[in-house]
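Visitor: I'd like to learn how to read a protein structure. Can you walk me through this one?

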Amino acid sequence: METNKPKKAAVPRTPMPCQPPEERRHNFKEVALGYTREMAMTEAGRCMQCKKPLCVSGCPVEVPIRDFIREIQAGNLDAAYRIIKTTNSLPAVCGRVCPQERQCESKCILGKKGEAVAIGRLERFVADSYIASTACEQVTGTNACAMPAGGRKVACIGSGPSSLTCAGVCATAGIKVDVFEALHEPGGVLIYGIPAFRLPKGVVATEVNGLRQTGVDFHLNHVGGRTVDVAELAREYDAVFIGVGAGLPIFLGVPGENLVGVLSANEYLTRVNLGRAYDFPNYDTPAAPGKRVTVFGAGNVAMDAARTALRMGADEVHVVYRRTRAEMPARVEEVEHAEEEGVQFDILSAPLHFNGDENLRLKSVTLQKMQLGEPDASGRRRPLPIPGSEYEMATDLAIVALGTRSNPILLQATPELKLNKRGYIEINEETGETSMPGVFAGGDIVTGSATVILAMGAGRRAGQTMVKRILG
Ligand SMILES: Cc1cc2nc3c(=O)[nH]c(=O)nc-3n(C[C@H](O)[C@H](O)[C@H](O)COP(=O)(O)OP(=O)(O)OC[C@H]3O[C@@H](n4cnc5c(N)ncnc54)[C@H](O)[C@@H]3O)c2cc1C
């Protein structure tokens with residue numbers, strides 16, 4: 001009997017329309033433009049509707065992928081959206097930033113013989129269609145849920161994807177939620193880290209507004225461990241969730257790193273994104289514009305910083321990385337997009353020291369060539385310096401993107417919280433509860449810097465336990 005399997009595998013994946021590189025390197029508009037309805041129908045048609053959909057097991061929040069794609073195939077976009085929302089509270093965000101090639105799409109059976117179904121792009125299409133169709137309702141508030149009853153309430157500290165998800169779970173169950181966020185805008189890394197050309201600010205604002213309509217209150221400029229105390233919140237609220245991320249930058253530790261013109265990627269991206277420096281002259285935020293920019297590191301954050309620097313007017317942007325392209329932790333798509341836009345990659349190079357002028361302004365960096373030796377503890381081949389290979393590169397802005405660790409403010413002020421050896425909050429994996437009864441935690445502050453979807457999964461798990469405990 002003839003099956004349709006080979007046919008589907010032979011149909012190529014529908015490409016994502018993008019802004020041309022030469023245009024987009026000068027603007028902050030979204031790079032990936034999204035599928036049209038026709039494209040989405042074509043791509044959804046490639047899904048084989050497997051009896052046992054392996055893709056679901058690759059998704060940290062187990063979105064019923066086969067089922068939502070079936071609804072797209074039938075043209076029922078509202079139904080597709082409702083299915084996604086059963087497990088994913090931020091589909092428009094995840095459709096844009098999840099590393100699907102390492103998650104759901106890596107399990108797609110079509111990928112064995114050809115290209116996997118573009119699950120992330122379909123998720124984005126469904127979410128964007130829903131947002132467009134409900135824009136009026138959201139403005140007028142006609143889809144607002146009933147206000148919480150019963151006087152039960154929870155507090156979430158931080159407003160990144162982990163807290164937003166936890167807040168959503170609790171609010172949907174009818175529990176009042178207060179979110180306390182240190183910054184002046186909610187959204188966490190989605191707002192202050194990931195640039196608008198990958199994740200438009202309006203997408204995050206829509207999700208946050210959706211939560212507001214379910215009765216979640218955001219208290220901005222409130223710092224857990226300073227202006228609000230975890231133990232006090234635990235007494236006042238039925239449960240507390242801590243989702244403060246891991247935003248403390250790691251530096252290179254080489255001489256000259258305190259020169260004017262050397263910044264962490266976090267600071268640079270926060271000034272540009274949260275401070276709206278990209279919207280000059282409407283926002284006159286100092287953003288350290290560089291003409292010859294050097295970015296250290298090769299993860300997604302490094303790619304975001306390099307591509308942001310191009311858009312802020314740099315003539316030349318170099319990503320300096322001590323290993324090779326094969327070891328780069330960034331998503332392949334991000335590296336390709338950066339390269340298309342003109343970012344140059346200086347691989348097998350490591351900084352020795354930064355050099356400044358008489359006003360202590362950065363003017364160059366001294367680098368050394370490296371070669372790869374045996375694998376180290378991370379499993380990647382260890383970079384070894386090549387003696388006598390030092391060279392100097394002119395640069396007026398250096399951005400350090402080596403990763404982050406836990407911020408100590410809340411942790412030091414709350415000694416009751418048990419931490420692990422790496423300085424992150426220890427939790428019961430099943431419930432999300434910390435060593436403080438009634439206080440839960442999740443996201444980067446538990447795992448270290450990870451992904452949006454993992455943070456959401458943790459927020460969901462903790463939220464479900466909180467609801468069960470409170471409502472029985
Ligand atoms: C530049 C960049 C790009 C990234 N790109 C991707 C990507 O493409 N795909 C992906 O999956 N992941 C990406 N990540 C990782 C992802 O964004 C994080 O894993 C995720 O946001 C973690 O969510 P969270 O809720 O734990 O914390 P966060 O998003 O970090 O949010 C924590 C929030 O808590 C607030 N806060 C901190 N301390 C306090 C306090 N004491 N009191 C009150 N509030 C506090 C912070 O201001 C922040 O708003 C990226 C990260 C960065 C930095």
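Visitor: How many residues of domain 1 are in contact with residues of domain 3?

Guide: Contact means heavy atoms within 4.5 Å. Here, 12 residues of domain 1 touch 11 residues of domain 3 in that sense. One caution: this is a predicted model, where local features need pLDDT of at least 70, side-chain atom pairs count only at pLDDT 80 or more, and totals for chains, interfaces and linings use all residues. Residues are numbered from 1 along each chain as its sequence is written, and side-chain values use heavy atoms, with hydrogens and water left out.

Visitor: Where do the domains run?

Guide: Domain bounds come from an automatic or database domain assignment. For this chain it gives domain 1 (5-19 + 27-135), domain 2 (153-247 + 406-471) and domain 3 (250-403).

Visitor: How much area do domain 1 and domain 3 bury between them?

Guide: Buried area is the accessible area (1.4 Å probe) that two parts lose on being put together, summed over both. For this pair it's about 760 Å², 52% of it on carbon and sulfur atoms. F28, V31 and E101 supply 61% of the area that domain 1 buries against domain 3.

Visitor: Why does the ligand lie between two domains?

Guide: Domain 2 and domain 3 both give residues to the shell around the ligand, so the ligand lies between them.

Visitor: Which polar side-chain atom lies 2.8 Å from an oxygen atom of the ligand?

Guide: A polar contact pairs N or O atoms within 3.5 Å. The atom you want belongs to S162. There's also a ligand nitrogen 2.7 Å from a polar backbone atom of V97.

Terms used. A polar contact is a pair of N or O atoms within 3.5 Å; within protein, one must be able to donate a hydrogen and the other to accept it, and residues adjacent in sequence count only if both atoms are side-chain atoms.
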